[in-house]
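Subject: Structure for your files

Dear colleague,

Here is the structure I said I would pass on. My notes on it follow below.

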Amino acid sequence: MKALEGLTVIAVEQAVAAPFCSARLADAGARVVKIERPEGDFARGYDAVAQGQSSYFVWLNRGKETVTLDLSAEAGKAALAALLEEADVLIQNLKPGALAKLGFDPAELRKANPRLITCSISGYGTAGPMADRKAYDLLIQAESGLCSITGGPSEPSRVGVSVVDIATGATAHAAILEALIRRGITGQGADITVSMFDVIAEWLTVPLLGHEGGQTPRRVGLAHPSIAPYGVFTTQDGAQVLISIQSDREWRVLARDFIGDEALGTDPEFATNLARVENRDRTDARVGEAFARLSLQQATGALAKANIAFATVNDMAGLSAHPHLRRVTVDSPNGPVSFPAPGAIFDGSEPEFGPVPALKPL
Ligand SMILES: CC(C)(COP(=O)(O)OP(=O)(O)OC[C@H]1O[C@@H](n2cnc3c(N)ncnc32)[C@H](O)[C@@H]1OP(=O)(O)O)[C@@H](O)C(=O)NCCC(=O)NCCSC(=O)C(=O)O
């Protein structure tokens with residue numbers, strides 16, 4: 001049995017943030033009815049790489065029903081109102097205030113259906129000088145400062161996936177599950193608001209405290225700003241390997257068993273993480289010399305033997321062929337599409353998800 005079987009979720013949603021959340025609810029067995037504007041969720045047009053359909057849309061809308069409703073017309077409003085009378089959850093990410101303006105204010109809806117849990121996603125929350133602003137992922141990545149700590153020294157960078165949207169959707173998902181647990185005890189619905197800015201600001205706690213404590217983080221590319229050695233090294237045969245030394249004990253092991261210089265492990269200039277970060281260039285040079293003497297196979301063999309954490313540096317071809325990539329296959333209007341399965345495995349069983357819906361008028 002799936003956890004949310006028997007529950008109905010109405011999703012007035014678009015793009016990534018809310019659809020990520022409602023996809024998880026559908027995965028858990030809820031009936032999710034997605035309301036699309038007459039021309040459809042604009043994420044249907046983001047690309048055409050998944051059997052001629054949008055990769056975003058296919059990924060984020062499996063297992064949902066969909067119906068297009070013109071919510072500015074009486075028939076569309078009546079259809080949504082009827083759905084909401086019986087619903088357990090409403091999730092929405094229209095521009096701030098838009099759904100209430102259309103006649104669907106969360107507090108009013110709960111008067112008719114006190115068990116209703118509403119979850120509204122916005123860029124900047126419900127109060128404050130920017131509460132009315134529209135928001136997209138990269139805009140919040142930039143506004144929050146996330147881009148300023150991402151990338152190499154020369155320029156800031158976007159995190160390569162829509163991390164703010166995904167983090168926001170995951171936060172909304174957890175909050176809705178909490179509200180459902182509480183409702184099981186009290187019988188009362190809940191009003192949840194989740195702002196993209198709040199979500200990523202919390203994720204930025206470590207660099208923010210660094211800045212406020214006098215250590216504004218530097219952009220260090222494929223390395224770690226406050227731990228060393230923690231970065232990429234090149235083997236004799238030109239392969240790139242990342243290692244992560246997180247404790248002084250691991251450093252002593254690396255020095256003795258991988259670099260072959262036991263005294264380096266206790267040399268005061270390298271013995272502590274603070275000293276190694278201070279002397280990062282010299283630390284990396286010593287580690288780099290050891291890598292340069294070994295082939296990829298020799299280096300990874302030696303690291304594994306020394307119990308040092310390492311990884312290779314892959315691209316999407318590497319992920320596609322990766323022996324650890326778990327996939328789920330879903331039906332879609334243009335045929336089956338396979339993509340990475342969500343991370344949580346229930347009772348050892350691989351997930352099975354419902355199909356991706358075609359655009360469907362009322
Ligand atoms: C995503 C948005 C920027 C998109 O803005 P807009 O294109 O302006 O669309 P919106 O739907 O929000 O609102 C525009 C108008 O359309 C109206 N509207 C919306 N749906 C309907 C339907 N079904 N029928 C009739 N009218 C509708 C709505 O009432 C507004 O009317 P008027 O009021 O009359 O104008 C914004 O919705 C927003 O900031 N949402 C909150 C944050 C968020 O979730 N961002 C996207 C995350 S995903 C992402 O970032 C990413 O992919 O990247």
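I began with the helix packing. The axes of helix 1 (residues 17-27) and helix 7 (residues 163-186) cross at roughly 45 degrees and come within 7 Å. Please keep in mind that this is a predicted model. The crossing of helix 1 over helix 7 is right-handed. On the side of helix 1, the contact is formed by Ala-17, Ala-18, Phe-20, Cys-21, Arg-24 and Leu-25. Helix 7 contributes Asp-165, Ile-166, Thr-168, Gly-169, Ala-170, Ala-172, His-173 and Ile-176. Sorted by class, the contact of helix 1 with helix 7 holds nine nonpolar, three polar and two charged residues.

Helix 7 also packs against helix 8 (residues 196-203), with the axes 9 Å apart and an angle of about 100 degrees. Helix 7 and helix 8 are therefore roughly perpendicular to each other. In this contact, helix 7 uses Val-164, Ala-167, Thr-168 and Thr-171, while helix 8 uses Met-196, Val-199, Ile-200 and Trp-203. The contact of helix 7 with helix 8 has six nonpolar and two polar residues, and no charged ones. Thr-168 of helix 7 is listed in the contact with helix 1 and again in the contact with helix 8.

Next, the ligand. Its surroundings consist of 25 residues, and the closest are Ala-15, Leu-71, Asn-93, Lys-95 and Lys-134. The shell divides into twelve nonpolar, six polar and seven charged residues. Helix 4 (98-101) and strand 5 (117-122) each supply at least two residues of this shell.

Two backbone details may be worth a look. Ala-15, one of the closest residues to the ligand, has a positive phi of about 65 degrees although it is not a glycine. Ala-15 sits in the loop between strand 1 (8-12) and helix 1. The other detail is the peptide bond from Ala-228 to Pro-229, which is cis, with omega near -5 degrees. Pro-229 lies in the loop between helix 9 (205-212) and strand 7 (230-234).

Regards

Key: Residues numbered from 1 in each chain as written. Predicted model: local features only at pLDDT ≥ 70, side-chain atom pairs only at ≥ 80, totals over all residues. Near = placed C-beta within 6 Å. Helix = DSSP H or I, 4+ residues; strand = E, 2+ residues; numbered from the N terminus. Nonpolar A, V, L, I, M, F, W, Y, C, P; charged D, E, K, R; others polar. Axes fitted to C-alpha atoms, helices over the stretch in contact; angles between N-to-C directions. Left-handed = near helix turned anticlockwise from the far one by under 90°. Contact = placed C-beta atoms within 7 Å. Parallel < 35°, antiparallel > 145°, perpendicular 65-115°, else oblique.
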